[in-house]
Amino acid sequence: MQTDRRRLNAPPGGTAPPVFAALPDTKLQRPTRSRKPDEHRKLFLRTGIVPSASGSAYYEIPPQQQQQTALLVPQHSSLKITCTVHGPRPLPRNAAFSPNLLLSAHVKFAPFATRNRRGYVRDASERDLGAHLETALRGVVIGERFPKSGCEVVLTVLEGEEDGWGAGGAEVKGEGWGIMTVLAGCITAASAALVDAGIDCVDLVSGGVAAVIDAGRRGDQEDGVVILDPAPSEHDGEIGAACVVAYLKSRDEVTELWIKGDAGAQVQILIDEAVKAASLVRAVLADAVKDAVEAKIGEAEDDAATTGLAKEGKGKSKEVVMTG
Amino acid sequence: MANGTAKPPGLAFSRETFAKLTPGPFLQAHLQQPEPIRPNGRSLDAFRTPTIHTGSLSHSNGSAVVRLGDTAIVCGVRAEILLASDIPHPPGEDTSEDDLVERLGLLVPNVELSTGCSPGHLPGNPPSTVAQALSYRILSLLHTSNLINADDLRILYTEPASEDDLPDEGSKVVTKAFWALYIDVLCIALDGNPFDAAWAAVISALKSTQLPKAWWDPDREMILCSPLATETHGLRLDDIPVASTFAVFSTGSALKQRSEAESWVLADPDGFEEDVCSETVTAVARSDDGGVGSITRLEKSGGGAIGKAAMGRCVHMAQQRWREWQGVLHGG
């Protein structure tokens, strides 16, 4: 294994994640979907959590049900994403002229985000997520208003959606469906952070996921059922195709579309459902942004009130007069 | 001024502009008052109040989120198994218990600052010198304070008696494997003093760490763990060291006499103060029998403004801080 000389590395012998013994007497119950096919999980979104950044947001989908038994391995997956936006700021001197805002998106999973420990260096899947996110955001930001400047959108996934259900063991035979939900969360969080940073956008962009399940399993429904916001741990091995969209509701535009798997004849329905999921998410996004703006206005009013009064509170006079 | 009669209009700067243009004089003006108050509203020796949440990450054996003002740090502890047979150069019998953790490298702390926590640390680059230094300081502090007991990390196996054993010998207990702890520290928001916050996050995460019950399965020749949360054990951390950092602001310069310079010690500096001050002191206090807090580590870097008396005051404040933290750490 290549050692990273800038970080502290694993002990020379190499370590392995623990293997859990099967419980003889208890049968583990797989989590099931208790919400309706067109119902989204509850989510939490808040902006302005990182004061040192121009804009920031925190996005969370809490676990659906409580842990059934006292097990160490989590049965339900949750999603926690923080996003910070730095900029717009001037490009370095040696950079070529750019008439538009140069947007760059980084997505990184924390080492403890998933069941299998992740490294510190971004791997190919994280870079791919970053590229997807960048295309989703580029269609929203009005880049012409910020020539010669750059903007960094940095997302850290503190807890990622599971790819499947582990059956109490440490291994999950993942098919990579969890990453779709992560991307949708990243899009929504990034949109909220961009607004928090005050970067001009044409609309709020929100991410939505839909999936085709049970394709070819039930006799009467050959094509399967389309559901909104699938949690992969609840549909272990049932998902046939999934779709992520980045959707601008008020303009009715899609800036990013990613379909994985074979949806067959249901592609159109799948995309429509993903758009519906994105519209549901947008309501939460709009509320979070509205709350933040109201808080900001309230603060500004308070400030205006205090500056009108005497300013002895913090000891020093707050203004310096320079005369020419 | 063409005619020189009209008075030019005054240029009024807001407080933020003044702080950005001339941070040094701005801070000095605050500190020179008879009752010095720092720009952030704290007095000279006031620390920020920490808040700690533990156990919020589902994929870690132990985790903590520590907030110190606007600095927020997440720490996750993840345990993996290092088989004793995989160790390239096993330490001899004479290695003391205290050295074993260090010899085997069972603790792997890494501090990641490039999570977009501040504009100075953007991702896409290798870890900065600050991040590397922080990781190393945490590692060396974990080792010098002997926080982790090697016994807690051993996975033991009692070998069954075989025919060629002497009958009067008891059954032999061998160490089949060790738990290696990956301590991943992610800075979510940075507003000064990352070391204190990171260290607090590390110790709170270690305190909440639960290792599963593990045993050697001779048939499958591997280590198996019990998935039950009731069959876990924690780490014995009887004595928790606490770090306190101070920044020293000095008006001294190479062009002035040293006696003319004034200096102030600022406890728990925020990001703005850290940028202006070049000298820092970090004191780590741990318990002694008297409940005062003995100093286990003292670091000072940059500048020469702080003298013996001021250093003594820092140490005293660090001991007080240690007592305050005991309540926070043991309470939550």
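## Where the two chains meet

In this predicted model, 57 residues of chain A are in contact with 69 residues of chain B; two residues are in contact if their C-beta atoms, placed from the backbone, lie within 7 Å. On the side of chain A that touches chain B, two or more residues come from each of strand 3 (79-90), strand 4 (102-109), strand 5 (149-159) and strand 10 (320-322) of chain A. Strand 5 of chain A gives the most, with 5 residues. Helices (H or I, at least four residues) and strands (E, at least two) are DSSP runs, numbered from the N terminus.

By class, this side of chain A holds 30 nonpolar, 16 polar and 11 charged residues. Here Ala, Val, Leu, Ile, Met, Phe, Trp, Tyr, Cys and Pro count as nonpolar, Asp, Glu, Lys and Arg as charged, and the others, Gly among them, as polar.

## How to read the model

Residues are numbered from 1 along each chain as its sequence is written, while chains are lettered from A and ligands numbered from 1 in the order in which they are written. As the model is predicted, local features need pLDDT of at least 70 and side-chain atom pairs count only at pLDDT 80 or more, but totals for chains, interfaces and linings use all residues.

## A tour of chain A

Chain A has 3 helices and 10 strands, and along the sequence they follow the pattern β-β-β-β-α-β-α-β-β-β-β-α-β. Of the 324 residues in chain A, 44% are buried, meaning that 20 or more other C-beta atoms, placed from the backbone, lie within 10 Å of the residue's own. Among contacts in chain A between residues at least 6 apart in sequence, 73% join residues at least 24 apart.

Four strands of chain A form an open sheet in the order 7-6-8-9, with antiparallel pairing; two strands pair if DSSP finds at least two bridges between them. At the edges are strand 7 (225-228) and strand 9 (253-261) of chain A, each pairing on one side only. Strand 6 (205-213) and strand 7 of chain A are joined by 4 bridges, and A:Ala211 has A:Ile227 in strand 7 as its bridge partner.

Helix 1 (124-138) of chain A packs on the sheet and touches strand 6, strand 8 (239-248) and strand 9, with its direction at about 155° to that of strand 9. Helix 2 of chain A also packs on the sheet, touching strand 6, strand 8 and strand 9, and its direction makes about 165° with that of strand 6. Axes are lines fitted to C-alpha atoms, for helices over the stretch in contact, and angles run from 0 to 180 degrees between N-to-C directions.

## The two domains of chain B

An automatic or database domain assignment divides chain B into domain 1 (36-46 + 241-331) and domain 2 (50-234). Taken over C-alpha atoms, their centres are 29 Å apart. Between them, 17 residues of domain 1 are in contact with 15 residues of domain 2. The side of domain 1 that touches domain 2 has 6 nonpolar, 5 polar and 6 charged residues.

## The largest nonpolar core

A nonpolar core is a set of buried Ala, Val, Leu, Ile, Met, Phe, Trp, Tyr and Cys residues joined through C-beta atoms within 7 Å. The largest one has 167 residues, and those touching the most other members include A:Val153, A:Cys186 and B:Val202. Helix 2 (178-196) of chain A gives the most to this core, with 13 residues. Both domains of chain B give residues to the core, so it lies between them.

Technical notes
Buried ≥ 20, exposed ≤ 12 C-beta atoms within 10 Å, placed from the backbone.
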